[in-house]
Amino acid sequence: MTDTRLTRRRFLLGGALGAAAVALGGCDAGGQDTPTGQLLRSAESLTLQAQRRLQGKHALAREYTEADISPTFRVNGSSMPDSELYAALLADKFADWRLTVDGMVARPTAFSLAALKLMPSRTQITRHDCVEGWSAIGKWTGVPLAEVLRATGVLPGARYAVFHCADELEKTLDGSGRYYESIDLVDAFHPQTLLAYGMNGQDLSVGHGAPLRLRVERQLGYKQAKYLMRIELVDNLHGLWGGNGGYWEDRGYDWYAGI
């Protein structure tokens, strides 16, 4: 499945990073605090700025028709969190599950799944592009993240929404193996950024992130955090485990994964 617009967009963004790529040619990226690591972060910032200049902050990802929905949509990452708490919530069909929204908000709130389903909803059919090279089209239904953030009241100075998840991919004493992700408030308030509770006309399956997952449609698949438990509004990402804004980002992936 080829999208010529996606290929052209990547070419244009790649051109904006040409100088950085030449400078890094043949080099080991090194740590985040090395000169090379700092250059990589500068290149990533250029990617973000170039994409938003080319597309605009409010440009929409392409949406498809029912006929385009993929017959299979593979489960990637965790297929079931290794967590006694999650198992108990699942056994009770998530009746006791709550999404906590806190941090730099005026009204910290714990939302039940039923409460989220009563909020204004959006359904969109979009393509999921995985960093591993596969794609699939799915139909997502959920509450726009912007609705939840407006209900809780984002405080001045907040810059990022951090998504804390139920799955722990590595068992670590300091919690650094727990899956988390983050996006800035531009993407958080984008109309296609959803807290999705439905996929292809049904409730989310466990493999696809039940009861709630993030859909941030202008970024790659690893940004689409599953098994959401908490959203924290913060002014910086430095105090979170590796300080790079996400589980995979702490292991070398780009924080901004725009497509």
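## Overall organisation

Among contacts in the protein chain between residues at least 6 apart in sequence, 71% join residues at least 24 apart. The structure is a predicted model, and its secondary structure comes to seven helices and ten strands. Of the 259 residues in the protein chain, 50% are buried. The chain exposes about 12,500 Å², of which carbon and sulfur atoms supply 54%.

Five strands form an open sheet in the order 2-1-10-5-6, and their pairing is mixed. Strand 2 (109-112) and strand 6 (178-184) are the edge strands, each pairing on one side only. From one strand to the next, the twist averages 20°. Helix 6 (residues 145-152) packs on this sheet and touches strand 1, strand 2, strand 5 (160-168), strand 6 and strand 10. The direction of helix 6 makes about 140° with that of strand 2.

Strands of a sheet pair through backbone hydrogen bonds, in either the parallel or the antiparallel sense. Strand 1 takes part in pairings of both kinds: with strand 10 (residues 228-234), strand 1 (residues 98-103) pairs in the parallel sense over four bridges, while strand 1 and strand 2 run antiparallel and are joined by four bridges. Strand 1 and strand 2 also form a hairpin, with five residues between them.

## Nonpolar cores

In soluble globular proteins, nonpolar side chains tend to be buried together. The largest nonpolar core of this model has 49 residues. Leu99, Leu116, Phe163, Leu195, Leu228 and Ile231 are the residues with the most contacts inside this core. Strand 7 (residues 194-199) gives the most to the core, contributing five residues.

Which residues does Leu99 contact, leaving aside its neighbours within four places in sequence? Leu99 is in contact with Thr109, Ala110, Phe111, Leu116, Leu195, Leu212, Leu228, Met229, Arg230 and Ile231. Among these partners, Leu116, Leu195, Leu228 and Ile231 are also listed with Leu99 as having the most contacts inside the largest core. A second, separate core has eight residues, including Tyr180, Val234, Leu240 and Tyr256.

## Aromatic pairs

Eleven aromatic pairs are found in a search of the whole structure. One of them is formed by Phe73 and Trp140, which are edge-to-face, with 5.7 Å centre to centre and 90° between the planes. This pair links distant parts of the chain, since Phe73 lies in the loop between helix 3 (35-55) and helix 4 (84-91), and Trp140 lies in strand 4 (residues 135-144), 67 residues apart. Both Phe73 and Trp140 are buried.

Tyr179 and Tyr247 form a stacked pair, with 5.6 Å centre to centre and 25° between the planes. Here too the pair links distant parts of the chain: Tyr179 is in strand 6 and Tyr247 is in the segment after strand 10, 68 residues apart. Tyr179 counts as buried because its relative accessibility is 10%, under the 20% cut-off. Tyr247 has a relative accessible area of 3% and is therefore buried. Ring pairs link Tyr179 and Tyr247 into a cluster with Tyr222, Trp248 and Tyr253.

## Backbone features in the loops

A cis peptide bond joins Ala210 and Pro211, with omega of about 5°. Pro211 lies in the loop between strand 8 (202-203) and strand 9 (213-215).

Two residues with positive phi also lie in loops. Phe94, although not a glycine, has a positive phi of about 65° and is located in the loop between helix 4 and strand 1. Asn200 is likewise not a glycine and has a positive phi of about 55°; Asn200 lies in the loop between strand 7 and strand 8. Are these residues buried or partly exposed? Phe94 counts as buried because its relative accessibility is 9%. Asn200, at 33% relative accessibility, counts as partly exposed, since this value falls between the cut-offs of 20% and 50%.

Note on methods. Residues are numbered from 1 along each chain as its sequence is written. This is a predicted model: local features need pLDDT of at least 70, side-chain atom pairs count only at pLDDT 80 or more; totals for chains, interfaces and linings use all residues. Side-chain values use heavy atoms; hydrogens and water are left out. Two strands pair if DSSP finds at least two bridges between them. Axes are lines fitted to C-alpha atoms, for helices over the stretch in contact, and angles run from 0 to 180 degrees between N-to-C directions. Contact means heavy atoms within 4.5 Å. A nonpolar core is a set of buried Ala, Val, Leu, Ile, Met, Phe, Trp, Tyr and Cys residues joined through side-chain atoms within 4.5 Å. Buried means under 20% relative accessible area, exposed over 50%, partly exposed in between (1.4 Å probe, protein chains only). Accessible areas come from the Shrake-Rupley method with a 1.4 Å probe; for residues, only the protein chains shown count as cover. Rings of Phe, Tyr and Trp (its six-membered ring) pair if their centres lie within 6.5 Å; planes under 30 degrees apart count as stacked, over 60 as edge-to-face and the rest as tilted.
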